[in-house]
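Welcome, and please take a moment to turn the model around before reading on. The report below walks through a few places in it.

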Amino acid sequence: MTSPSQRRGRPGGSRGTDLLDVAREVLLARQYAGATMDAVAAQARISKQTLYRQYPSKEILYAAVVRDWVDRGRDAMAPHLAQLMATDDVRQGLLRLCRTLHHGVLSAPVLQMRTLITAEAERFPDVAADYVSRSWDHNQALLADALRHLAARGLLRVDEPEVAAEQLTWLTLAAPLNRLTLTGGTARYPAEELEAVAHEAVATFLARYGTEAGEGAAG
């Protein structure tokens, strides 16, 4: 016998987060204006009626896709920042974090979502604001806490952790993110270039915020 859930919709159709994955793929491939509920339903292998029961409009579906994206990545930085706070080698700890930022923020899926959200920010300001608040601002606050912790251990000299966190982030990301954003992700950053960016970011950051204790631990 088949269960009620197996009888509804089309066999093997996407549900829950899988459905939002499909919707995100359609939105990224076609952008908001070109994406249709018909296309999402077809790619998800469900009926339009099933899709509309869950998401009564494309606007609601778009907001759900962005919210789900933020929810999934919200705490991705937490283990990396915990590792930074535990380090006795500040230079190496910061280098690891810079590499993590490059790997995450410069990845194709993140760049594509940033482009989509930016393009639709005027149409959906609340969605964009939620993304900034619960993703970017949240992670910046966690980084500020990590730097505050290192300062309390005497490994950094940081009076304004929020400012220091922003500076470290943009020293690490500004040049590659600018190139990749302005070229629509078609440009490439060789691994050795990204590694050089990371080393220069850490050197500049420690020139401003380093301490003898921190440098001693690194040495």
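Alanine 78 lies in helix H6, which covers residues 78–86; helices here are DSSP runs (H or I, at least four residues), strands are runs of E of at least two, and both are numbered from the N terminus. With a relative accessibility of 34%, alanine 78 counts as partly exposed, where buried means under 20% relative accessible area, exposed over 50%, and partly exposed in between (1.4 Å probe, protein chains only). Alanine 78 and asparagine 139 are 61 residues apart in sequence, yet 8.3 Å separates them in space, C-alpha to C-alpha.

Asparagine 139 itself sits in helix H9. It is buried, because its relative accessible area is 17%. Neighbours within four places in sequence aside, asparagine 139 is in contact with Arg74 and Met77; contact means heavy atoms within 4.5 Å.

Before going further, a word on what you are looking at. This is a predicted model, in which local features need pLDDT of at least 70 and side-chain atom pairs count only at pLDDT 80 or more, while totals for chains, interfaces and linings use all residues. Residues are numbered from 1 along each chain as its sequence is written, and side-chain values use heavy atoms, with hydrogens and water left out.

The chain averages a pLDDT of 90, and 91% of the residues score at least 70; pLDDT is the predictor's confidence in each residue, from 0 to 100. Residues 1–10 stay under 50, and the model has 8 contacts for them beyond four places in sequence. Where pLDDT is low, the predicted coordinates should not be read in detail.

**The chain as a whole**

How many helices and strands does the chain have? There are 12 helices and 0 strands. The C-alpha atoms fill a box of roughly 70 × 40 × 30 Å, taken along the principal axes. Of the 219 residues, 42% count as buried. Among contacts with a separation of 6 or more, 70% come from residues 24 or more positions apart.

**Two helices side by side**

Helix H9 (residues 125–152) also meets helix H5 (residues 58–73): their axes come within 10 Å and cross at roughly 5°. Those axes are lines fitted to C-alpha atoms, for helices over the stretch in contact, with angles from 0 to 180 degrees between N-to-C directions.

On the H5 side, the contact includes Tyr62, Val66 and Trp69, and on the H9 side Val127, Tyr131, Arg134 and Ser135. The residues of this contact divide into 7 nonpolar, 1 polar and 3 charged. In this count Ala, Val, Leu, Ile, Met, Phe, Trp, Tyr, Cys and Pro are nonpolar, Asp, Glu, Lys and Arg are charged, and the others, Gly among them, are polar.

**The nonpolar cores**

A nonpolar core is a set of buried Ala, Val, Leu, Ile, Met, Phe, Trp, Tyr and Cys residues joined through side-chain atoms within 4.5 Å. The largest has 36 residues, of which Leu84, Leu94, Leu143, Leu156 and Phe205 touch the most other members. Elements giving two or more residues to this core are H6, helix H7 (90–105), H9, helix H10 (161–182) and helix H11 (191–209). H11 gives the most, with 8 residues. Phenylalanine 205 touches Leu94, Leu147, Leu156, Ala164, Leu168, Leu171 and Gly210, not counting residues up to four places away in sequence.

Apart from this core lies another, of 32 residues, among them Ala35, Met37, Ala44 and Val66. Alanine 35 is found in the loop between helix H2 (16–34) and helix H3 (37–44). With a relative accessible area of 4%, alanine 35 is buried. Its contacts, leaving aside neighbours within four places in sequence, are Val26, Leu27, Arg30 and Lys58. The C-alpha atoms of alanine 35 and leucine 168 are separated by 37 Å.

**Positive phi values**

| Residue | Phi |
|---|---|
| Glutamine 31 | near 65° |
| Arginine 45 | near 60° |

Glutamine 31 has its place in helix H2 and counts as partly exposed at 30% relative accessibility. Arginine 45 lies in the loop between H3 and helix H4 (48–54), and at 41% relative accessibility arginine 45 counts as partly exposed.
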